[in-house]
Amino acid sequence: MGKRNMVGAGVLLALLAGLPPLLHNHYLTGVFIVCAIDGIWAASWDFFSGLTGRENFGHALFIGGGAYAAAFLNGNFGLSPWFSIPAGIAVAVVFGLLVGFPTLRLKGPYFALATLASAAIMQQVAINLWQYTGGSEGIYGLDTLIDSSLGFYYFVLAILVATVVVLSLIARSRWGTIMRAIKGDETACQAAGINVTFYKIASLAVSAAFAGLGGVLFAHYQQAVTPDDFDVFLSISVIIMAYVGGIGTIWGAACGGILLNLMLELMRGLGEYRLWVYYVILMVVLFFMREGFVAPLWRRLRGGNA
Amino acid sequence: MLTVLIYGAVTSAVLAMLAVGFTLIFGVARILNLSHGAFYALGAYCAYSFTTLLKLPLIVSAVLAVALVAVFGMAMERVLVRPLRQSSLAVLMITLTVALTVEQVLFVVFGSQSKNVPAFVNFPINVHGVSVDGQRLLALAIAVVLIGALWLFIQRTRLGSAILAVSQDPEAAQYMGIPANRIFTIVMGLSAALAGAAGVIAGPFLSVRPTMDQTAMITAFSVVIVGGLGSIPGSILAACIIGYSQTFVAFYLNPEWTGTVSLVAILLTLVLRPSGLMGRVVNA
């Protein structure tokens, strides 16, 4: 990590850590919490799909899995909210393996279709099993993890930083090299004696784990879960965040999540229509900024290479 | 029992119309069109607007609705999909965005309440002692005729041969003087028209609401995966399997669980026979 990158990360972290107490506004702290959670989701999506090039269209499956695990344990059975974290991660990983095992062995678009379908159908299941899941109303009355909202914000921010650091370290290791090689030429990887399927499934499990963790945090922040946690719109907004940040950069995706959320917040006046902003941003990025926005901008600001 | 058989056939026929279009555009242009369900919803809403709001005669509305959806599909292919065809992720993103946008527009314009599309045939028809809603039988007949016509069109006409040629090798076809890009647009139009027609004829016995596209799309791709991506006969066969499974689940278990049939079918197929019933292995 170059000196300038260190400075950039330091400034960004200082801003993220310093702004909420300075603004001293309960509502705005909430906005920053959601920003950080979105950052975790976008970074975890980017880790798998950005590096391996396999498009995950159902990240909400893992998010919702984590969130509902938290809601069952804490909301329905009254266990301490701290149990939600390992449970949410475990459920998300199991979902990741269930979807990954049949689809990631194959080439072709099966994985994208299966993830999209699984998340949508889990949403249906969450509505149908209303006796246990509260149907479309969801489950209410979860405990907070940390009562002070500023305290919870720092907890989430710490997890975001840890997520980006851990995922970036994996991405820089041999494992990450293999993931990028899979994106480049899967057949060549196989020919080189690499167990491509194992790396794909394991990477998806890691990605799912962090998404599930984010889902748990979100559930405890909202103190409720709804079937919308599985919604296709959530999946696609996570992809848009990663796109805006710069696919395959992980930290960029996390910044994309934060940036998009702040933008959406600024446009709160538009009411329902602000969702359209997402579509407009997506069009702009797809047609004019293939490389994304945050990561290329930083490269330009920083100058030089690497 | 006969009731289940007939209803199953109708469900299968509507599914087949959706799935054939979805697999056609994938087979020919390698476009995985996630807005396919939106075409279906648009078809149903167009039929509703023309008949109920503009008071046009049924046949005219139906034809207009299908034509409009086809034009919408062609415009989408030309303006949004073609510049992005190099990247499969971008195509998936843009088509899914179109689907979500259509859903939002329908929601803003028509509200979340379900709408009634008038039926072409209002009386029940007696089939061997079972009285069946006439519209369902008409839907079955129209589906068979349209898919048959599509099959003949592809197998017997010049344009059909061009489509087959492009599906086998777009570059080689281009060298032979077939304008591959124009073929993609035409096929997208056909695919959209078929989905729109499914929406028009199935509209009267479905609840027509803005979110109807998602279930339709997911069922369509489960059919396509089970049948084998890119294979039309496979899609028809798989549409029957999934259509009947859904009908059985709806009759003997609970209509709410029909959606999970698709997921089970997708996962089972991918584990047991990834290329689908009649598909070739795809390397996309």
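Biologist: Which residues does Met17(B) touch, not counting those up to four places away in sequence?

Modeller: Met17(B) touches Ala143(B), Leu146(B), Ile147(B), Leu194(B), Ala197(B) and Ala198(B). Two residues are in contact if their C-beta atoms, placed from the backbone, lie within 7 Å. This is a predicted model, in which local features need pLDDT of at least 70 and side-chain atom pairs count only at pLDDT 80 or more, while totals for chains, interfaces and linings use all residues. Residues are numbered from 1 along each chain as its sequence is written, and chains are lettered from A and ligands numbered from 1 in the order in which they are written.

Biologist: What makes the set of 206 residues a nonpolar core?

Modeller: A nonpolar core is a set of buried Ala, Val, Leu, Ile, Met, Phe, Trp, Tyr and Cys residues joined through C-beta atoms within 7 Å. A residue is buried if 20 or more other C-beta atoms lie within 10 Å of its own, exposed if 12 or fewer, and partly exposed in between. The largest such core has 206 residues, and Met17(B), Leu18(B), Ala19(B) and Val69(B) have the most contacts inside it. Helix α1 (residues 2–29) of chain B gives the largest share of this core, 18 residues.

Biologist: Why are α5(B) and α8(B) called roughly antiparallel?

Modeller: Helix α5 (residues 134–156) and helix α8 (residues 180–202) of chain B pack at about 170°, with axes 10 Å apart. Angles under 35 degrees count as roughly parallel, over 145 as roughly antiparallel, 65 to 115 as roughly perpendicular and the rest as oblique. The two helices are therefore roughly antiparallel. Among the residues making the contact are Leu146(B) of α5(B) and Leu194(B) of α8(B).

Biologist: How do you know which classes the residues in the contact of α5(B) with α8(B) belong to?

Modeller: Ala, Val, Leu, Ile, Met, Phe, Trp, Tyr, Cys and Pro count as nonpolar, Asp, Glu, Lys and Arg as charged, and the others, Gly among them, as polar. On that basis, the contact has 10 nonpolar, no polar and no charged residues.

Biologist: How many helices and strands does chain B have?

Modeller: Chain B has 11 helices and 2 strands; helices (H or I, at least four residues) and strands (E, at least two) are DSSP runs, numbered from the N terminus.

Biologist: Why is chain B called as compact as a globular protein of that length?

Modeller: The globule rule is 2.2 Å times the number of residues to the power 0.38, and the radius of gyration is taken over C-alpha atoms. For 284 residues the rule gives 19 Å, and chain B has 18 Å, close to that value, so it is as compact as a globular protein of that length. Of its 284 residues, 52% count as buried.

Key: Axes fitted to C-alpha atoms, helices over the stretch in contact; angles between N-to-C directions.
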